[in-house]
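Here is a quick tour for anyone opening this structure for the first time. Have a look at the sequence and the 3D view, and then we'll walk through the strands and the chain as a whole.

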Amino acid sequence: MRLSSAQIFDSGTLGLQRTYNDLYKLQNQISTGRRILTPQDDPVAAAQALVTSDQQAVNNQYLDNQRTAKSTLALLESHVGGMTEILQDVREKWVAAGNGAYTPSERRAVATAIREDMQQLLALANTKDATGMAFFSGYKGGTQSFVDSNGTITYQGDGGRRQLQVSSQRFLDVSLSGQEVFESITQGNGRYVVNTDSANLTRVGHDAAAAGPFDNYDGNTYRVTIQNQGLDYRVEQIDTTTGLPMAPAVVAAATYTSGGAITVGGATITLTGTPVDNDNFTISPSTNQSVFTTINNFITALETGGTSDALRASYHNQLNQLGLNFDQALEHLSAQRSKLGSQLAELDNLVSLSQDVNVQYATQLSDLQDLDYVAAYSDLTKKKTSLDAAQTAFVKVTGLSLFDKL
């Protein structure tokens, strides 16, 4: 086989270039700490690294959403806690207002203090988050939740809840509906309410809170009427369409005993006092009422209460009903706060899980992309030795000439 000088030069140059390229690649790998500099270095590993990087980016977004949701819900839980404290303060004033020695002016002073409490509650109900979105307006975050028009407080939002995706399968509420928090509060004991006829002339207490079990209530409307000079009572079912008693009477005549329990349709009430004929009490299913309406009713009762027997009876019976309504409102807010606490606990778990997943993704990327420095330095040494030998050989081979032998 004949080899020309040009072939020898080309072959030697090509070998040196390949070695230089190998050294250049090793140098870049060592300087970047990456085994894969271009996809052609390891196509399979490069594809796996790309998929893992995308998954890590999505997980990081979930982690950001989780932190945002946690911050928002913590603030929301704090506001609901503040509302609970305000309502507890109002209930303490309700207890004080039951003092029979209070004069009308003292009651009006309590009403003034309660107005301040309601304004504080209204301010919290209209709270906005860091982005300017109302916490309690549902989907209508850009709308003020509640508007006070001459003491009448109206909800402006809707029943929705804004959500944030905190994992591939989990969307978490990061707002509440004012309709749910402030207006969907059942009256009475949560199953039925006892209303006193405004024509009652004597003070007769009714207690639907201490009675039970409430779940036996059949949902019908009943009227208990005192008769026979206060010695007994009758019970009639009321047609809710016409408002008239249905015949025959459920109980035509039963002996009235102050403090004795009266049970009808699964509802039980306790009447106390010395009534007169035609004093009556209506048992009806609980309906939802705004906490602001309940507070306003309390203020009205305080400001309109008088010293006559009829006004004292009306005031006393209103207080009984208001006490049950305040208890329902406090229980309702407590349930909302408990739910927020559960969501915060869930977010703690999700954040911890996402951080663990991030560590796993980082480990996978390291296994796929990171350089083995020991192997790289070993390859660098071998390549350098090979280059030195190739350069020496190239010089010697290219230096050969026939003319040297002549």
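Let's start with an open sheet in this predicted model: three strands, lined up in the order β7-β12-β11, with antiparallel pairing. Strand β12 covers residues 267-272, and two bridges join β7 to β12, with the two strands running antiparallel. If you want a spot to look for in the viewer, find His-206, which stands opposite Leu-271 in β12. As a general point, strands of a sheet pair through backbone hydrogen bonds, either parallel or antiparallel.

Next up are two hairpins. In one of them, strand β1 (residues 146-149) runs antiparallel to strand β2 (residues 152-155), and four bridges join them. Ser-149 has Thr-152 in β2 as its bridge partner. How many residues lie between β1 and β2 in their hairpin? There are two, and Asn-150 in the turn has a positive phi of about 55°.

The other hairpin is made by β9 and β10. Strand β10 spans residues 245-255, and its antiparallel pairing with β9 runs over five bridges. Asp-232 stands opposite Thr-255 in β10. Between these two strands there are six residues, and Gly-243 in this hairpin takes a positive phi near 80°.

Here are the pairings side by side:

| Strand pair | Bridges | Direction |
|---|---|---|
| β7 and β12 | two bridges | antiparallel |
| β1 and β2 | four bridges | antiparallel |
| β9 and β10 | five bridges | antiparallel |

Now zoom out to the whole chain. Its secondary structure comes to seven helices and 14 strands. The chain has 406 residues, and 39% of them count as buried. Its accessible surface comes to about 21700 Å², with 52% of that belonging to carbon and sulfur atoms. What about contacts in the chain with a separation of 6 or more: what share comes from residues 24 or more positions apart? Those residues account for 69% of such contacts.

Finally, a word on confidence. The mean pLDDT of the chain is 82, and 76% of its residues reach 70 or more.

Terms used: Residues are numbered from 1 along each chain as its sequence is written. This is a predicted model: local features need pLDDT of at least 70, side-chain atom pairs count only at pLDDT 80 or more; totals for chains, interfaces and linings use all residues. Side-chain values use heavy atoms; hydrogens and water are left out. Two strands pair if DSSP finds at least two bridges between them. pLDDT is the predictor's confidence in each residue, from 0 to 100. Buried means under 20% relative accessible area, exposed over 50%, partly exposed in between (1.4 Å probe, protein chains only). Contact means heavy atoms within 4.5 Å. Accessible areas come from the Shrake-Rupley method with a 1.4 Å probe; for residues, only the protein chains shown count as cover.
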